[in-house]
Amino acid sequence: MTSVLASSRRAWLPWAVGVLVLAAGFGLQTQLYTDQERVVTAVLMYVVLAQSWNLIGGYTGYASFGQVAFFGLGGYVTGVLMWQLRLPFWWALAASGLLAAGFGALIGLPLLRLKGHYFAIAALGVAEGTREVITNLTSVTGGGGGLTVPTFGADAPTAYLGNDGFYVFFLLLAAFAVLTVTLVARSRFGFGLRAINQDEDAAAAMGVPTTRVKVAAFSLSGLLAGLAGSGYAFQAVNIYPGPMFDVQITVLMVVMVVIGGSGTVLGPVLGAVGLQLLSEWLRANYTTYHTFILGTIIVIAVVLFPGGLVTYVRGGLRTGQWSLLTSIRRYRL
Amino acid sequence: MSGAADTETPVLEVRGLGRRFGGLHAVADLSFSVPPGQVVGVIGPNGAGKSTFVNLVTGHLKPTSGQVLLEGQDITGEPPWKVARARVARTFQIVKPLRGMTVRENVAVGLLYGPDASRHSGAALRLADEVLERVGLVALGDVTPGELTVADARRLELAKALALRPKLLLLDEVMAGLRPGEIEPSLELIRSLSADGMTVLVIEHVMRAIVAVSDRVLVLHQGRLLTDGPPREVLADPRVIEAYLGHRYGRTHGADTDREQPRD
């Protein structure tokens, strides 16, 4: 009882921190060179993607290895609407988010009946299949030759946002993603997701409509990734099926969430920031071995912090046990 | 016990309930009804179909034949979450705690999604303490299930069920593996739930528990109803002793010695 009351008394604290971080994001922008600004913009985009994966993989426990499908779909919806129909970016953005969410609900219904590895593989298949469809719809999407989003001149439905504009766009989108996950985590919906994650039979026995709740989570995760894809397509100008549906984007989402702490609000943020900045730093300083070193660091991090960094720190604070071995024993299968 | 209560609408009625797995009839042609407030013991040897029966009532399995009626309403084949919202609660034989959540959060799930669904997790967490109080777990609200003893894990399983404020409670071996000293509080709790008007089905191996708490005992054997009657009578029935305990126990021991012997 006391702890419930105590936690509600400090409930404003995370919100205050969130507002401060957002303000710091705006402040940081004024201090960055153009190259650095682009790097941070990419970090912010990965915060959105990591939170997207966190909803379905972290909270609900369905490891989606096809999450890039939503990203690619969002990007292509924006590209096609701006290129073919000359719709303004903001309309295309909304359409991308909604269509990705709808797509999540549509494929979620059959896919979320599968468990564990089967779901992971089926989701991967959906992403590959979506890319193939986009590639073959040449008349609509430009096919393998890609398409160019009109961004300059009188012809452009929405003028290019520029480095500063995209920084602000992805900063706000990241804030939106973190806010969404924060609200979900504290809500009835979030309790349903965590219950499903632990044991679906037990969850159903307590009245959780498991299918409905899972599909809603998948759809919401699709919305976030679709919005990110939309912004990315506009920023990239030239988009191709390969890079837009690159499986490596999914892998990065998974790694960021797992290292940071899956099923937590803060973990994916720390994972995205940490991994992207580390990757950039390694690329600049150890060009030849950068991928190898990064891979090694990821492996070590996963071994030492099996529940993710945030889970490790939380466990340490709660039990006073900071030994890495204890942490490994507690969270490893 | 049987004749007098028949005028009331039974809380639970099963008609010709059956479930086949391939060629195996796990439950076959099961028919009986339970009037409100009764505590019914359901016993039978391993593989008699006890857990299958529970799963058929709660919707975790779909019957291949027959009907399940809750207060006269047909709930056959409804999904488990709908059955739960109709105030049918259950425990699982192999406990199913939500491991990544605290004991209090476990109970809150039922309060958030059950028939009295509260919309706010904060309110549900406060209400959860009332449920935990009832099963004697309130002091362990902040603990995760992995840190609980076997007996406390069973209490949590019970608390999760009680979060639905059930009218029908199915207890699938909540006392298995407990020491005699740990069984008594569970029996007390079942009696007090019954006194509140709850209808309880106690699926159990522990004979002494069944006798102590049940108004009536059903015996399942190979998926069928073997007998149905007052506990003492049923347990004295030679067919029951043979079917349930087997020849070995039937000859050398009384019915009371099965499984409740303290383990060293």
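## Strand pairing in chain B

In this predicted model, Leu171(B) has Val202(B) of S8(B) as its bridge partner. The two strands concerned, S7 (residues 168-172) and S8 (residues 199-203) of chain B, run parallel to each other and are joined over five bridges.

Both strands belong to an open sheet of six strands in chain B, ordered S6-S7-S8-S3-S9-S10 and mixed in its pairing. Because strand S6 (88-90) and strand S10 (224-229) of chain B each have a single partner strand, they stand at the edges, and one side of each is left without a neighbour in the sheet. On average, and with direction ignored, neighbouring strands of this sheet are turned by 20 degrees against each other.

## Helices on the sheet

Helix H1 (residues 50-58) of chain B lies across S3 (39-43), S6, S7, S8 and S9 (216-221) of chain B, and its direction is at about 150 degrees to S7(B). Helix H6 (residues 180-195) of chain B also packs on the sheet, where it touches S3, S7 and S8 of chain B and makes an angle of about 150 degrees with the direction of S8(B).

## Domains of chain A

Chain A is divided into domain 1, covering 17-285, and domain 2, covering 289-333, with their C-alpha centres 25 Å apart. To the contact between them, domain 1 of chain A contributes 14 residues and domain 2 of chain A contributes 12 residues.

On the domain 1 side, the elements that give two or more residues are helix H13 (247-260) and helix H14 (266-285) of chain A, and H14(A) gives the most, with seven residues. By residue class, this side of domain 1 of chain A comprises seven nonpolar, six polar and one charged.

Technical notes: Residues numbered from 1 in each chain as written. Chains lettered and ligands numbered in written order. Predicted model: local features only at pLDDT ≥ 70, side-chain atom pairs only at ≥ 80, totals over all residues. Pairing = 2+ DSSP bridges. Helix = DSSP H or I, 4+ residues; strand = E, 2+ residues; numbered from the N terminus. Axes fitted to C-alpha atoms, helices over the stretch in contact; angles between N-to-C directions. Contact = placed C-beta atoms within 7 Å. Domains from an automatic or database assignment. Nonpolar A, V, L, I, M, F, W, Y, C, P; charged D, E, K, R; others polar.
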